[in-house]
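Me: I am new to this structure and want to know what stands behind the words used for it. Please take me through it step by step.

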Amino acid sequence: MSTIGWLDTVLGRNKELSIMFDLDMFTDTADRIHMKKLAIDTCVSFLGRTISQSEFRVKHGKEFIKDELYYRLNVRPSKNFTASTFWETFIHKLIYDNEVLVIQADDGDLLIADDFTHNKYAVFEDTFTNVVVRDYEFKRSYKQSEVMHLKYRNEKLAPLIEGLFADYGDLFGRILSSQKRKNQVRGVVDIEAQGGKAEEQQNRLQVFINKIYKSFGEKSVAIVPQQPGFKYNEIYNGVANGPGVDEINKVTNGFLDQVAMAIGIPLSLLHGDMADVEKNTKNFKLLTVNPLLKKIADEGNVKFFEMDEYLAGKKIDIKSVSYQTIFDLATSIDKLIASGTFNGDEIRVEVGYDVTGDPMHSKYHMTKNYGESASEGGEEEE
């Protein structure tokens, strides 16, 4: 066998170097796929748990109706899912796959599709075929008007995450490998130039190196047997250099932060920081949670109600989880009613409660200090 170029000359001068050149003494950087899965699952689960705490209400005019649709959306969407599990799975599919499809079975159950084919048309209604739910494939074709189909964003999040992981994953793997080698015992093998077949000598040396590598990797105390013609010497000097565990955590958190920012989760909330927690929670709800709930509400209004029903006041109204209680809002509520700006029923709707139907709550009240002839220290009217 001939070797191309300068390598043939070098190996031809030194047969021992030729043997060492083919030995399996190098390992590739491991694929740190678990770091990517941890980051995505952490962020998606965080958002999914937030959405699952919302109440999906059916509103008709000023009243909220508790019918079968309300029961499906808030208690048991299907035989195998509770509402919280359903919406967590819904959000996971929506973000991770960039879209989610929900079909309704013949018995009314809402089912999240694991796989499907989206047939797009320019002027006709889109259809969905090859719909698979838990390894069962539905043979029928579903029209766009018969399903709930949401897309998370115009472009998939996956390519962005894959691009980030290509850099962070390689860096993480190198730092982790360096940390493992930090206190590693290293050694060299001296080879005496002896006669014999080069292939036979190479095989003997490879077996010897494999035994040494396995002993040092699995045993706290390893005894290395010497072989004729081979001599092993340790060169570890007791100094542990290289990056520490903190560097590994920094890379992991850096990748997690990039994924969180792509989804819209404040980093302080994700890491549990208490500084400005109220402000960050408000921004998270306003800029991330509410737009996502608006997507769900819009899709539900189109698919569950006809145009005439919607125009008559029937719609899906989603009450998201609040970072404030009615006790936190008590002072503000008092000011809104005392100034005559809102009545009791309007305030109840804003804070997520049904109207009472009591005539007293439909009236507007204004205290004396808000009136035109108000005097300082005026008493409130009954």
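Reply: Start with H149. In this predicted model, H149 touches E99, V100, L101, F116, H118, F128, Q144, E299 and K303, leaving aside residues up to four places away in sequence.

Me: What makes these count as touching?

Reply: Contact means heavy atoms within 4.5 Å. H149 has such contacts with E99 and K303, among others. E99 is 50 residues from H149 along the chain, and their C-alpha atoms are separated by 7.2 Å.

Me: Why is H149 called buried?

Reply: Its relative accessible area is 9%. Buried means under 20%, so H149 is buried. In the protein chain, buried residues make up 33% of the 382 residues.

Me: Where is H149 found?

Reply: H149 is found in strand β9, residues 148–151. The chain as a whole has 13 helices and twelve strands.

Me: How do you know that β3 and β9 pair?

Reply: Two strands pair if there are at least two bridges between them. Strand β3, residues 99–104, has four bridges with β9, so the two strands pair, and they do so in the antiparallel sense. One example is E99, whose bridge partner in β9 is K151.

Me: What is the order of strands in that sheet?

Reply: The order is β4-β3-β9, an open sheet of three strands with antiparallel pairing.

Me: Why are β4 and β9 said to stand at the edges?

Reply: Each has a single partner strand. One side of β4 (110–112) and one side of β9 are therefore left without a neighbour in the sheet. Neighbouring strands here are turned by 20 degrees against each other on average, direction ignored.

Me: Which helix lies across this sheet's strands β3, β4 and β9?

Reply: Helix α5, residues 83–96, does. Its direction is at about 135 degrees to β3.

Me: What is the strand order in the open sheet that holds β1?

Reply: That sheet has three strands in the order β2-β1-β12, with antiparallel pairing. β2 (63–65) and β12 (314–319) are its edges, because each has a single partner strand. The twist averages 45 degrees from one strand to the next.

Me: How do you know that β1 pairs with β12 and with β2?

Reply: Count the bridges. Pairing takes at least two. Strand β1, residues 55–60, has six with β12 and three with β2, so β1 pairs with both. In β12, K314 is the bridge partner of H60, and D317 stands opposite R57. On the β2 side, K59 stands opposite F64.

Me: What happens at G61, in the hairpin of β1 and β2?

Reply: G61 takes a positive phi near 70 degrees. The hairpin has two residues between its strands.

Me: Which helix lies across β1 and β12?

Reply: Helix α10, residues 277–304, lies there. It runs at about 160 degrees to β12.

Me: Why is F124 called exposed?

Reply: Its relative accessible area is 63%. Exposed means over 50%, so F124 is exposed. F124 is found in the loop between β5 (115–119) and β6 (127–133).

Me: What makes Y121, V123 and F124 a patch?

Reply: Residues of a patch need over 30% relative accessible area and no salt bridge, and nonpolar side chains are joined within 5 Å. Y121, V123 and F124 form such a nonpolar patch on the surface. Together they have about 390 Å² of accessible area.

How values were computed. Residues numbered from 1 in each chain as written. Predicted model: local features only at pLDDT ≥ 70, side-chain atom pairs only at ≥ 80, totals over all residues. Heavy atoms only, no water. Patch = residues over 30% accessible without salt bridge, like charges linked within 9 Å, V, L, I, M, F, W, Y side chains within 5 Å. Areas by Shrake-Rupley, 256 points an atom, 1.4 Å probe, with all protein chains shown as cover. Salt bridge = Lys/Arg side-chain N within 4 Å of Asp/Glu carboxyl O. Buried < 20%, exposed > 50% of the residue type's maximum accessible area, 1.4 Å probe, protein only. Axes fitted to C-alpha atoms, helices over the stretch in contact; angles between N-to-C directions.
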